[in-house]
Amino acid sequence: MPERNVFSWNAIISGFIKSQNLTQARALFDAASCRDLVTYNSMLSGYVTADRHEDDALKLFIDMQSEREEIGIDEFTLTTMLNLTAKLSVLSYGRQLHSYMVKSANDFSVFAISSLIDMYSKCGCFDEACWVCIGCGWGLVDLVSKNAMVAACCREGKMEMALYIFWREPEINDSVSWNTLISGYAHMGYWEESLRLFFQMAESGCRWNEHTFASVLSACSGLKNLNVGKEVHAWVLKKGLSLNPFISSGIIDVYCKCGNMNYAESVLETIGSENPFAVTSMIVGHADQGNMIQARRLFDSLPDKNSAVWTALFSGYIRSQQSEAVFGLLRELKAKEGIVSDALILFSAQQVVQIQADLGPGLESRFMLIALCMRLTGIELDQKLITALVDMYSKCGSIDRCRKDFPRASHAHHGHENEAIQLFHEMVERGVRPDVVTFLALLSACRHCGLVDRGEQFFHSMRKDYNILPEIDHYACMIDLYGRAKKFDKAVAFMKTIPIELDAVIWGTFLNACRMNGNTVLARQVEEKLLKDEGDDGARYVQLANVYAAEENWDEMGRIRKKMRGKEVKKLVGCSWLYVHDRVHTFTSCGIPHSQTEDLYKTLACLTEEIYEIAGTSH
């Protein structure tokens, strides 16, 4: 072109941005002889939309501020930066932008309101998001802002509020409105409600799209509902969406979760094994079936492996307790990738140490994990990884080293329950938001020292103060707390209030509460439920037998033992490890004795004698 004006420069720069060639776009941007606000906004939007260009976007915005008198800053600039703030979850940036928008009268447009709601919600400030919505008048909210507010409610877990906003002016709801609500319910675990809304969406005349199917397939996976999964699969085929990578992987995930690996394999053959999401679901499915050979075959078939694929194989080896395979995979990852792109992989590696209960390899893996994480982030370990490492130390019985390396992290499992509770209050005062793991540690601390009232306060605070839905382990902790504190009536009443389906974990914990409180009548009722679901688990028979033995009900104990023999089930052998002088000592409840068994029992006899002497003196 003999002459280039600002419009031609903007067109060519925009073209390279749309083709995701930001390097060439920036080169043209720097070379442009004339630039206006559109030029800057295009480049800014390109940086914000792409990954790993957040710093470039911030620098460009600073340049725009310095040239504000010449090029200006408009609503598009500010909403784009709000999107970046939401992406980075940096609240201070968002508040500064909001302040500037108010001063420059850019805070009342459709996109400004929705961007502010989205930013505050993703930065964990739900109340501020509500105030933005209230400030523009609840009845005057446009569809874009309404959808943003519904999404904010879903993100916060306030589903009743989301439903209320959704049904205000229902005639303006579009597919985004429906999909947001369906996805929100599926994400929160309300899978039946998600399916109900899915069918209601069709009845309302609003068409399903790829986002709808992706969410409802997630609900089918959660429910392990094979029939509805097949129906959704049929609709997907009818609408020609089977090649969508998210939908096809969702279909495979449904079949894998339902244990129908043949159907899953058939779908994978149809779409091809190039979809890493689908292969990841297959790896998880085979791992759930204990078929790690097939899972590894699929893993090796992928030319490019993302963090989800690596994590899936790590988790499979963890589930099948193949410790050496996990460490081998970790070394393979370090050799091939050089960095770890997902903290879940680091969590998986430290879980092996807990399985082995061996601190020697734990220390070695700890240094490896720290090096990998530091290489990835360039900063110190984040709180989640620190918590995982603290858990590793604690389960390995090395609380002193744990307190030395992480002096303020965890005390709940080794006689430091009060310190754990104190740390929780300090954590809240500093503005750190607790999560499901935090409350699990608190409830565990309460049950260890019999703090019933405090445990009830923490349990109710989960939903009331932090909108965190209790999970199976939280309910089990409360039942165990009541059982240990001899508050069996409360345990029985609490069982009736649990809103989710009771599984073997809950029934097993309640059975233990029956044993501690000598209630063999309810134990007999629990027996039927447990053995129906866990009839192949020898530990359940032993647990039941112990309940009756505690009451000296030998006939019932004999009946359980006889039933166990009739089923030909076996209980896993109890096993303990000690790490002394660079050597691991293994002790089992049966099998090959320790090489120093005789010396150990002699020492134990001496210690027992000393205990009796001390006890006699104290009397």
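**Figure 1. Lining of the second largest pocket.** Helix 10 (143-156) contributes the most to the lining of the second largest pocket, with three residues. This is a predicted model, in which local features need pLDDT of at least 70 and side-chain atom pairs count only at pLDDT 80 or more, while totals for chains, interfaces and linings use all residues. Residues are numbered from 1 along each chain as its sequence is written, and side-chain values use heavy atoms, with hydrogens and water left out. The second largest pocket holds about 1,600 Å³ of space. Of its 37 lining residues, Met 188, Val 436, Ile 468, Leu 469 and Glu 471 are the closest to the centre. Elements that give two or more residues to this lining include helix 12 (175-187), helix 13 (191-203) and helix 28 (452-466). By class, the lining has 19 nonpolar residues (Ala, Val, Leu, Ile, Met, Phe, Trp, Tyr, Cys and Pro), ten charged (Asp, Glu, Lys and Arg) and eight polar (the others, Gly among them). A pocket is an open set of points on a 1 Å grid over the protein atoms alone where a 1.4 Å probe fits, with protein on both sides within 12 Å along at least five of seven lines; lining residues have an atom within 4 Å of a point. The volume is the space filled by probe spheres set on the points, which are joined across faces, edges and corners. Helices are DSSP runs (H or I, at least four residues), numbered from the N terminus.

Figure 2. The 13 residues of helix 7 (residues 91-103) should span 18 Å at 1.5 Å a residue, and the end C-alpha atoms are 19 Å apart, which agrees. The expected span is 1.5 Å times one less than the number of residues.

**Figure 3. Two lysines with positive phi.** Lys 224, in the loop between helix 14 and helix 15 (226-238), has a positive phi of about 55°. Lys 224 is exposed, at 55% relative accessible area. Lys 486, in the loop between helix 29 and helix 30 (488-497), has a positive phi near 60°. Lys 486 counts as exposed at 53% relative accessibility.

Terms used: Buried means under 20% relative accessible area, exposed over 50%, partly exposed in between (1.4 Å probe, protein chains only).
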